[in-house]
Amino acid sequence: MAMFRGNSKFMYDLVVIGAGSGGVRAARIAGGHGAKVALIEASLHHGPPTYTAVGGTCVNVGCVPKKLFVYGSQYSHQMVDAAGFGWKDVKGYHHDWKTLITNKNKEIDRLNDIYSSMLGKAGVELIEAIGALKDAHTVEIKSASGDVKEITAETILIAVGGWPFKPDIPGIEHAITSNEIFYLEEKPERVVIIGGGYIAVEFANIMHGFGTKVTQLYHAWFWYESYPIV
C-alpha cells in the first residue's frame, strides 16, 4: 500500500471482508504497518447460526475442533489395547459427549479472544456484520440487528472462504455438515457419512472411536481407484 492514512477520500486504507486465516493475517500485518484497517466478520463468537467467527474455519469448525475430536476418540482404542499391556479392569468405560462439547467450546472461546486481542493490538477495527461489495471502494455492512450502512476504503480485500456443499436432493433437510457436527447436543447412535474425501474419512474414524455405528457411502469400490497407480 503506497500511502497509509493519507487519502482523506476514504474512511479506511484497507477493509477486509472475512476474518479467517487470510483475512486476519492481512488485516493484522497492514495494521501493524500503520494502515487504518477494518475487518468485517458475521459473528465474533463461534457457534450457530454462522458457526465460524474470528479465526475462520480452521479455528472454529475445522482443524482445531477436529483435532480435539480426534484426540478424544482415540482413547477408546487405547483402552482396548491396554489389556494387552497388562492393564486390568479397563472395561465398563463410557464417554460423556456433553463434556467433550463443553470443553471444546471453551477452547474455541479462548482462541477467539486471542485473535481479537491480536487484532486490537495491531489497531484493527473489528466489525460484526455481513459485508457486501458495492463498488471498488465501498462496502455495505449489515449488522445482526438489521442496521445497514456503508464504509469506504482505498483497498478492499475479499477473504470470505468457503462453505460446506449440500446437494439439492430429497431429504437433504435432514442432513448435517462438518459445521453442525461440532455442536450436536447428543452423540448420534448411528451416522451415515456420504463421501470418501479426507474430511469424510476423518469423521468416520472419529465417530467410530466415540462408539457411534458408522456407515460410509462412496461412489467407487475403493478409495484408491481415484488415484493413479505409480
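Two strands are taken as paired if DSSP finds at least two bridges between them, and helices (H or I, at least four residues) and strands (E, at least two) are DSSP runs numbered from the N terminus. The structure is a predicted model, in which local features need pLDDT of at least 70 and side-chain atom pairs count only at pLDDT 80 or more, while totals for chains, interfaces and linings use all residues. Residues are numbered from 1 along each chain as its sequence is written, and side-chain values use heavy atoms, with hydrogens and water left out. On these terms the protein chain comes to 5 helices and 8 strands, and 6 strands form an open sheet with mixed pairing.

**Overall form**

- From the N terminus on, the elements of the protein chain follow the order β-α-β-α-α-α-β-β-β-β-β-α-β.
- The radius of gyration of the protein chain, taken over C-alpha atoms, is 22 Å, whereas a compact globule of 230 residues would have one near 17 Å; the globule rule behind that figure is 2.2 Å times the number of residues to the power 0.38.
- The C-alpha trace of the protein chain spans about 70 × 45 × 40 Å along its principal axes.
- Of the 230 residues in the protein chain, 34% are buried, where buried means under 20% relative accessible area, exposed means over 50%, and partly exposed lies in between (1.4 Å probe, protein chains only).
- The accessible surface of the protein chain comes to about 14,300 Å², and 58% of that area belongs to carbon and sulfur atoms; the areas come from the Shrake-Rupley method with a 1.4 Å probe, and for residues only the protein chains shown count as cover.
- With contact defined as heavy atoms within 4.5 Å, 56% of the contacts in the protein chain between residues at least 6 apart in sequence join residues at least 24 apart.

**The sheet and the helix across it**

- The strand order in the open sheet is β3-β2-β1-β6-β5-β4; β3 (125-128) and β4 (130-135) stand at the edges with a single partner strand each, so one side of each is left without a neighbour in the sheet.
- From one strand to the next, the twist of the sheet averages 40°, with axes being lines fitted to C-alpha atoms, for helices over the stretch in contact, and angles running from 0 to 180 degrees between N-to-C directions.
- Strands β5 (residues 138-142) and β6 (residues 148-158) run antiparallel and are joined by 5 bridges, and T138 stands opposite T152 in β6.
- Strands β1 and β2, by contrast, run parallel and are joined by 4 bridges, and V16 stands opposite L39 in β2.
- In β2, 5 of the 5 residues are buried, so the strand is largely enclosed by the rest of the structure; V37, L39 and E41 point one way from β2, while A38 and I40 point the other way.
- Helix α1 (residues 21-32) lies across β1 (12-17), β2 (37-41) and β6, and runs at about 165° to β2.

**Backbone features between β2 and α2**

- Most residues other than glycine have a negative phi, and most peptide bonds are trans.
- The peptide bond from P48 to P49 is cis, with omega near 0°, and P49 is placed in the loop between β2 and α2 (56-61).
- Y51 has a positive phi, near 70°, in a residue other than glycine; Y51 belongs to the loop between β2 and α2 and, at 12% relative accessibility, counts as buried.

**Cysteines**

- The structure holds 0 disulfides, a disulfide being a pair of cysteine sulfur atoms within 2.5 Å.
- C58 is partly exposed, with a relative accessible area of 27%, and C63 also counts as partly exposed, at 34% relative accessibility.

**Two residues and their surroundings**

- S73, in helix α3 (residues 63-82), is buried with a relative accessible area of 5%.
- Not counting residues up to four places away in sequence, S73 touches N205, I206, G209 and F210; S73 and F210 are 137 residues apart in sequence but 5.2 Å apart in space, C-alpha to C-alpha.
- E186, in the loop between β6 and β7 (190-194), is exposed with a relative accessible area of 53%.
- Leaving aside neighbours within four places in sequence, E186 is in contact with W97 and K98, while the C-alpha atoms of E186 and P170, which are 16 residues apart along the chain, are separated by 25 Å.
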